[in-house]
Amino acid sequence: MEIAGFNYYTEECGQYTKLDGVPTNAGIYYVSAYSLATENYHAAESDYRQFEIAKFVVTRPTLAHDVYTGGTLSASVPASTIYKVAENGNPARMNAGTYEVVLELLDSDNYIWNNGDKLTTKIS
């Protein structure tokens, strides 16, 4: 008997739902191997085996510290396809001091900040 391929499933409340292909998103999945019928064997499928695709850990960027100029300053946040700047400059940064920038993951289902924050994180 030869393995013909693999089936992938999700599970909810004991009900397994077959996926159209190999899962690519973070989550818990199940896989089984199957064989096709031949003249000597019936078609068969193995027991399900659980596996997990973990979220990708995103390192929070570090910011350069600007020198006080007397004017409004805005943090220079490195561009990314993984997160966006949710808040940068509220309130206006006119006085000397430390200010926070809020970053938001674009896909929190598949990514997580390296400090454990789920969706948004603050850096200063």
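**Figure 1. Overall view of the predicted model.** The protein has zero helices and 10 strands. Helices (H or I, at least four residues) and strands (E, at least two) are DSSP runs, numbered from the N terminus. This is a predicted model: local features need pLDDT of at least 70, side-chain atom pairs count only at pLDDT 80 or more, and totals for chains, interfaces and linings use all residues. Residues are numbered from 1 along each chain as its sequence is written, and side-chain values use heavy atoms, with hydrogens and water left out. From the N terminus on, the order of elements is β-β-β-β-β-β-β-β-β-β. The radius of gyration is 24 Å, well over the 14 Å that the globule rule gives for 124 residues, so the protein is more spread out than a compact globule. That radius is taken over C-alpha atoms, and the globule rule is 2.2 Å times the number of residues to the power 0.38. Along the principal axes, the C-alpha atoms fill a box of roughly 85 × 25 × 20 Å.

Figure 2. Of the 124 residues, 23% count as buried. Buried means under 20% relative accessible area, exposed over 50%, and partly exposed in between (1.4 Å probe, protein chains only). The protein exposes about 8,900 Å², and carbon and sulfur atoms supply 49% of it. These areas come from the Shrake-Rupley method with a 1.4 Å probe; for residues, only the protein chains shown count as cover. Among contacts (heavy atoms within 4.5 Å) between residues at least 6 apart in sequence, 41% join residues at least 24 apart. The 8 positive and 15 negative charges have mean positions 10 Å apart. Lys and Arg count as positive and Asp and Glu as negative; His and the chain ends are not counted. Each charge is placed at NZ of Lys, CZ of Arg, CG of Asp or CD of Glu.

**Figure 3. Close-up of Cys13.** Cys13 sits in the loop between strand 1 (5-12) and strand 2. Its phi is near 55 degrees, a positive value in a residue other than glycine. Most residues other than glycine have a negative phi. Cys13 is exposed, at 76% relative accessible area.

Figure 4. Strand 3 (residues 27-35) runs antiparallel to strand 5, joined by five bridges. Two strands pair if DSSP finds at least two bridges between them. Tyr30 has Gln50 of strand 5 as its bridge partner. Pro23 lies in the loop between strand 2 (15-18) and strand 3. With 11% relative accessibility, Pro23 counts as buried. Beyond residues up to four places away in sequence, Pro23 touches Tyr8, Tyr29, Phe51 and Ile53. Pro23 and Glu52 are 29 residues apart in sequence, and their C-alpha atoms are 10.0 Å apart.

Figure 5. Ala86 belongs to strand 7 (residues 83-88). Ala86 is partly exposed, with a relative accessible area of 43%. Leaving aside neighbours within four places in sequence, Ala86 contacts Val102, Leu103 and Glu104. The C-alpha atoms of Ala86 and Glu104 are 5.9 Å apart, across 18 residues of sequence. Glu104 in turn stands opposite Thr120 in strand 10. Four bridges join strand 8 (residues 101-105) to strand 10, and the two run antiparallel. Strand 10 (residues 120-123) has a covered face, Thr121 and Ile123, and an uncovered one, Thr120 and Lys122.
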